[in-house]
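Please read this briefing alongside the sequence and the model, which is a predicted one. The points are grouped by topic, so that each can be followed on the structure in turn.

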Amino acid sequence: MLNLKKTALAVIALGSTAAFAGTMGPVCSAVNVTVPCENTAWDIGGRALYLQPTVSALGGSSTIVSANNGGTLSRDGNPGYGWGFQLEASYHYSTGNDFNVNWYHFRNGKQAENLNSVSLGTLTGGALSGDSIFNDVTQSYGYLSNSTAWDQVNMEFGQHVDFGENKFGRLHAGMNYSRTGNNNTVQTIGTATPVGEDETNYNEYRARSSVYNGFGPRVGMDLGYDWGNGLSVYGNGALSVLAGTTKSSSNPILYDAAGEPTANTWYSYSNARVVPELDAKLGFMYTYAMAQGDLSFDIGWLWASYMGALSNADLGLGGNNNNNFGVQGLYFGLKWVGNVA
């Protein structure tokens, strides 16, 4: 009997040890994907944009003229940074649904940049103007001006979801209207010696413009992580496929010694084009709970790219081709969300 009790106690002790050891292993649980409780709210916000545009045909420095004495006339085609803004408004309803309208607007103004002022020596064969009356250019100066425009209006239906306690996201789909454009001018002035004639003044002006308008569907996802105390980090991305039209024109003008144009030819064309558009944001947000709603401040970096949106007629600044357009830079601003009773 004593041996039976000892055996029973040993079995119970072993079973207790096994049960205790089992509780020390890793415990896994599925994270629920949930939507917020039913709520109705409005929000309105605005951000300042400090962006740099890019046009693939104009990127970097390039040489317009190379002289036989080693002198060059060059230009820097990189547009400068400029200011813009974003405005948005949303209506929140049901269990995490929203309808959002936002508008990005950017103009970098005219970025006039001096070209190299150099003595070019003697150029033969109309190096600046092809078959013009000026065959031998002895000296030339000039300038480049550049201006860029970007507008994007998005209309989105979104669904907010929560992935556990700290992670959240927003899936959205809607429409995108975009307008992008670039204008630039180049002017070269100096003296020239036409064959068999005396030296005279030289003045050539070139202008080019390209504008794209497109409209199409847009889908995207916004993801965020809540660090607590109102601070969060987020990354947003979206893709649009736009159907629209690209219009391009150019106007090279050559003036004679009296200031009268000797050649004034307009080149222009328009064609339909489907353009993929990608945009993304990476930023930080701080939200302050107020008695009449929540006030949020965010700051981050924005990218947007339109592939093959612009074209140009040949001006010595690039041929008749497809040029990518993009913007990237800093943004910061405020948004207020107020619940509707």
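Asn 213 is partly exposed, because its relative accessible area is 25% and the partly exposed class runs between the buried limit of under 20% and the exposed limit of over 50%. In this predicted model, Asn 213 belongs to strand 10, which covers residues 200-228.

**Around Asn 213**

- Leaving aside residues up to four places away in sequence, Asn 213 touches Tyr 177, Ser 178 and Arg 179, and also Ala 243, Gly 244 and Thr 245.
- The side chain of Asn 213 makes a polar contact of 2.8 Å with the side chain of Tyr 177, and another polar contact, of 3.2 Å, joins it to the side chain of Arg 179.
- Although Asn 213 and Leu 242 are 29 residues apart along the chain, their C-alpha atoms are separated by 8.7 Å.

**The largest nonpolar core**

- The largest nonpolar core consists of 19 residues, and those with the most contacts inside it are Leu 51, Trp 150, Leu 302, Tyr 306, Phe 325 and Val 327.
- Two or more residues of this core come from each of strand 2 (41-55), strand 6 (97-107), strand 11 (231-255), strand 13 (267-290), strand 14 (293-311) and strand 15 (322-339), and strand 14 gives the most, with five residues.
- Leu 302, when residues up to four places away in sequence are not counted, touches a set of residues that includes Leu 51, Tyr 104, Trp 150, Ala 280 and Val 327.
- Lys 281 and Tyr 331 are also among the residues that Leu 302 touches, and the charged end of Lys 281 sits over the ring of Tyr 331, 5.1 Å from the ring centre.

**Aromatic rings**

- A search of the whole structure finds nine aromatic pairs, one of which is the edge-to-face pair of Phe 85 and Trp 103, with 5.1 Å from centre to centre and 90° between the planes.
- Phe 85 lies in strand 5 (residues 82-93) and Trp 103 in strand 6, so this pair ties together parts that are 18 residues apart in sequence.
- Phe 85 is partly exposed at a relative accessible area of 30%, and Trp 103 likewise counts as partly exposed, at 32%.
- Tyr 91 and Tyr 93 form a stacked pair, with 5.7 Å from centre to centre and 15° between the planes.
- Tyr 91, at 30% relative accessibility, counts as partly exposed, as does Tyr 93, at 28%.
- Ring pairs link Tyr 91 and Tyr 93 with Trp 42 into a cluster.

Notes:
Residues are numbered from 1 along each chain as its sequence is written. This is a predicted model: local features need pLDDT of at least 70, side-chain atom pairs count only at pLDDT 80 or more; totals for chains, interfaces and linings use all residues. Side-chain values use heavy atoms; hydrogens and water are left out. A nonpolar core is a set of buried Ala, Val, Leu, Ile, Met, Phe, Trp, Tyr and Cys residues joined through side-chain atoms within 4.5 Å. Buried means under 20% relative accessible area, exposed over 50%, partly exposed in between (1.4 Å probe, protein chains only). Helices (H or I, at least four residues) and strands (E, at least two) are DSSP runs, numbered from the N terminus. Contact means heavy atoms within 4.5 Å. A polar contact is a pair of N or O atoms within 3.5 Å; within protein, one must be able to donate a hydrogen and the other to accept it, and residues adjacent in sequence count only if both atoms are side-chain atoms. Rings of Phe, Tyr and Trp (its six-membered ring) pair if their centres lie within 6.5 Å; planes under 30 degrees apart count as stacked, over 60 as edge-to-face and the rest as tilted. A charge sits over a ring if NZ of Lys or CZ of Arg is within 6 Å of the ring centre and within 35 degrees of the ring normal.
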